[in-house]
Amino acid sequence: MSEHDPRAPGDLARASEPSTLPVRKALSDSVYEDIKARVMDHEIAPGARVGIEALARALNVSPTPVREALARLESDGLVVKRSLSGYRATELLTRQGVEELFEMRLLLEPRAAALAARNADESQLDAIEATLEAMQALPGPTGPYVSYRDFAALDQRFHETVAEAAHRPLLADAMERLHSHLHIFRLSGVQDAGDPTVDEHERVVRAILRRRAERAAEAMAEHLTRSLERQLSRFDEQ
C-alpha cells in the first residue's frame with residue numbers, strides 16, 4: 001500500500017470483497033443445481049442419506065457450498081434435515097399423496113386464476129403472457145432433469161405469476177409452499193413428448209387476458225384435473 005493512500009488496510013480489504021461475491025454466488029448456484037439434478041433424477045435415491053463430505057468430494061468443492069445448497073433444497077421440499085442423521089432426500093409422493101396434493105391445488109388455483117382475471121395489472125398480464133410464450137418456445141419435458149429444467153422452472157413460474165396477479169399474498173404463499181411442481185416432475189420421470197400442459201395453460205391465459213374470471217377458474221380446474229389424471233395413470237402403469 002502506498003504511504004500516500006489514505007485508506008487503511010481494512011478499508012482496502014472491504015473494497016475488494018464485492019468482486020468475490022458473484023464468484024461465490026455462481027459456485028453456490030452451480031452446486032445447488034447439480035445436487036438438485038441428482039435428487040430429481042434419483043441418482044440420490046428417495047429416502048437416501050445425503051452425505052455432505054461425499055458430495056463435496058464428488059463436486060470438487062468445499063463442504064460450505066454443499067451445505068448452502070442443501071439448505072435451499074430443504075426449503076424446496078426435496079431434502080429433509082433430521083437431528084443426528086443429517087440430510088435425507090424426501091420420499092416420493094404416493095398415489096394418495098398425489099391425490100391430496102391436487103386436492104389442495106384445486107381448492108387454491110382456480111380461485112387464484114379468477115382473481116387474477118379481475119385484479120391483474122397490465123405488467124402482470126404481460127408477465128403471464130410472456131411466461132406462456134417462453135414455455136411454447138421450449139421442447140416438451142422429456143429425458144433427465146437437465147433437459148427439462150427450464151421447462152419445469154417456467155411451469156412453476158406460470159402458476160406463481162397467476163397467483164401473484166390475484167393480489168392475495170396469503171393465497172400465493174400457500175401455493176408456493178406446496179412445492180407441487182418439483183414433487184410432480186420428480187415423481188414422473190420422463191414425460192410424454194405430447195404433454196398438453198402448454199395448451200392447457202394457453203386456455204387459462206386467454207381467459208385471464210379477457211378478464212373472464214369464471215372461465216379462468218374453469219380453465220385452471222380443467223388443467224389441474226387433467227394433470228391429476230395423467231399422474232394417476234402412471235401409477236396404473238406400474
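The model is predicted, so local features need pLDDT of at least 70 and side-chain atom pairs count only at pLDDT 80 or more, while totals for chains, interfaces and linings use all residues. Residues are numbered from 1 along each chain as its sequence is written, and side-chain values use heavy atoms, without hydrogens and water.

**Sheet**
- Three strands form an open sheet in the order E1-E3-E2, with antiparallel pairing.
- Strand E1 (49-50) and strand E2 (79-82) stand at the edges with a single partner strand each, so one side of each has no neighbour in the sheet.
- Helices (H or I, at least four residues) and strands (E, at least two) are DSSP runs, numbered from the N terminus.
- E1 pairs with strand E3 (residues 86-89) over 2 bridges; pairing requires at least two bridges found by DSSP.
- Arginine 49 has arginine 88 in E3 as its bridge partner.

**Positive phi in loops**
- Most residues other than glycine have a negative phi.
- Histidine 179 has a positive phi, near 50 degrees.
- Histidine 179 lies in the loop between helix H7 (169-177) and helix H8 (180-188).
- Arginine 211 also has a positive phi, near 60 degrees.
- Arginine 211 lies in the loop between helix H9 (197-209) and helix H10 (213-237).

**Glutamate 133**
- Glutamate 133 is found in helix H5 (residues 122-136).
- Glutamate 133 counts as partly exposed because its relative accessibility is 46%; buried means under 20%, exposed over 50%, and partly exposed in between (1.4 Å probe, protein chains only).
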